[in-house]
Amino acid sequence: MDSELFTLDIGGMTCASCVGRVEKALDKIPGVEAATVNLATEQARIRLKMGSGTQIQDVIAQVEKTGYEAKLTTPHGNGDLAPAKTFWGSDGLGRVLLAFALSAPLFLPMFLMPFGIHWALSPKWQLLLATPVQFFLGWRFYKAGFKALMSGVGNMDLLVALGTSAAYGLSIYQMLDSPHASHELYFEGSAVIICMVLLGKWLEARAKQQTSEAIRALQKLWPEHAKVLDPQIFIAEGAPLDQYRDLPLEQVFPKDRILVLPGERIPVDGLVLIGKSHVDESLLTGESNPVKKQVGTKVIGGALNGEGVLVIEAQAVGVESVLSKIISLVEDAQTQKAPIQKLVDQVSAIFVPSVIIIAIIAGIANWLYFDSASIAILRAVSVLVIACPCALGLATPAAIMAGTGVAARFGILIKDPQVLEQAHRLSIVAFDKTGTLTIGKPRLLTLIPFVSSISSADILATAAGLQLGSEHPLAKALLDAAKVQGLAPIPPMASKALAGIGIEGRPTAGPWENQTLCLQSVASLKANPYIAAILEKAHSCFESGQTVSVLMNTAQPSTPIALIGFGDELKANAKEAIKALHHLQIRTVMLSGDNQAAADRVGKSIGIDEVFAQIMPSDKAQIIRKLQISDSHQRQWVAMVGDGVNDAPALAAADVGMAMSTGTDVAMQAAGITLMRGDPTLVADAIDISKKTWNKIRQNLFWAFAFNTTGIPLAALGYLSPMLAGSAMALSSFCVLSNALLLKRWRPSHR
């Protein structure tokens, strides 16, 4: 591997400008191929070129030199997402309460003025109360602002430090100039600004924690220990299972046999060796009903065992487990940026310097107009404070975190934030048929020999032998049929899969010993001279909606041996899934290798708008590209839903690829969305939550931009005091986060 991916926890970031500053520093490091920083998760993802001479420790040192804290993220740990590590921490509630307690005597007298009561503390008492707020509780702003200034950039802390220092300094000047004029002091302005910013940061931290609840809920599914059975004991139904070791999870290895008692969480992915039970996989797959498990069925680590005792053989542990991969997918999605965030980053890069210039201009203009230094400074302070771009930096990542988190709870893993921007445009959804709209477990229904002298048993044993070792659903159907009839599959020599055609091999026994046979689809026989006869014999199979394969002897000329027909049941909720998409005004398409009559029969039964039949797997991606350009040559946005290896090119070609987790890993890697259950109704749900998340991103960005563009001129004209500006700034960040958290109320429409 030429590069390695690292995730760092970044401490000390406060606004969108901080994000840009850290990214700029990372991009300058030799060997860093790509870097993205997320304000909501307070993490950076870095792709580091191996062999470049740069180590991750060098990257951490550079981030710290820029003025921020950095450390490697613990795998699937909570990071630093907690609202405060301690009550008196930097974002702790204790500091907020202390700041308000010290500031209350300064600003409460203002509420008495409308009643004609003009009372205020003496200047010395005001100085005594404001100073610890300014320089003790507000020290974090000076520290971070100074580091930003030394790096030649600006951030929220610099704006707060400049603004409050100006108000505090003006008050000192006024106090020295007029020792008894307590009403001309502005200590309450600087103190309340710091109070409100601290309150805003505390509220932000709490809201960030809520956006990360999905990750923490998944992390809690990990049991700390596993009951590993002694490998020497006899494993059988009813055998004593009391000889086990309670080992930490990191000491469990594949092939270990694990005892799971009723009510315990299953520690690893595995296969049931003994026992029957029902298992709750709701937090992993979104399936609310417990799933029946028995000997030979697979179980997922993190699922909750029900009433029975299970013995499972560990197959995947640690980072290889399904739960670990789910957590990684959600974490990756929450750390990545949506394309629209690039615009925000570009604006943020010039935002703070621009605000400082605007504040200086506003101060000079007010000084010249009013001939008052105090008015000029107060209005400049208001501009500096209200312009803090916190809400701007949180608008996109907060919505992504909340949306992808709630989707994961219901079995929809959005691993690419770009999907959120594209899903709301979708006009067409294309489905693969087998395993997506159908159960994907076809049964052998028809076997028609071309020569009456050949027995069906010999044909079945030979065809099943060609499929030995194959994971294809049709292969399993043949092997199951042979097993039911008590036939031993005849193993072949030189067996090989032919992409998009079938499988070829030479049987080692039987009527066709050492002859090359091929079991292939009818669609791949277009040029065969026997195609007319094959189609005539297969007509009744096609009419009944069967999928037909042909066993061919490839000797020249290639001759048919037998027709083999398979039937696959539609999923119970396939029709409901198509209806849900039509409700969203999305056209549906089905891609199938079946003949046109059989494919049309399936499509019509569930309400599919358009059917493409008798297509090779390699043609699926080409059809997706054709669908993307309509007859009027207008761009159409197309989603592809599939589950097999042959669907991967189409999933990659589509604007939005959705893979069923019941399928192959290749399909899931090619898709932007993984559906954790083989439930086609999740397709409409995935589009719905993607649209709602995208709408939240747009709402948040609109309000964040509107807040700054409206607030700055109001502050410059004196309509917002520094205290109100500080309150409004803190409120804007809280509103953006609260709006994003409304996504947590989303529920799939069919539940």
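This is a predicted model: local features need pLDDT of at least 70, side-chain atom pairs count only at pLDDT 80 or more; totals for chains, interfaces and linings use all residues.
Reader: Which strands does S7 join, and how do they run?

Author: Strands of a sheet pair through backbone hydrogen bonds, either parallel or antiparallel. Strands are DSSP runs (E, at least two residues), numbered from the N terminus, and two strands pair if DSSP finds at least two bridges between them. Here, two bridges join S5 (residues 225–229) to S7, antiparallel; four join S7 to S13 (residues 310–316), also antiparallel. Leu259 of S7 stands opposite Lys227 and has Val311 as its bridge partner in S13.

Reader: Are the residues of S7 buried or exposed?

Author: Buried means under 20% relative accessible area, exposed over 50%, and partly exposed in between (1.4 Å probe, protein chains only). In S7 (residues 257–260), Arg257 and Leu259 point one way, Ile258 and Val260 the other, and all are buried.

Reader: What is the strand order of the open sheet of seven strands?

Author: The order is S14-S26-S25-S24-S15-S22-S23, with mixed pairing. S14 (412–414) and S23 (610–612) stand at the edges with a single partner strand each, so one side of each lacks a neighbour in the sheet.

Reader: How many bridges join S15 to S22?

Author: Five bridges join S15 (residues 428–432) to S22 (residues 587–591), and these strands run parallel. Asp432 stands opposite Leu591 in S22.

How values were computed:
Residues are numbered from 1 along each chain as its sequence is written. Side-chain values use heavy atoms; hydrogens and water are left out.
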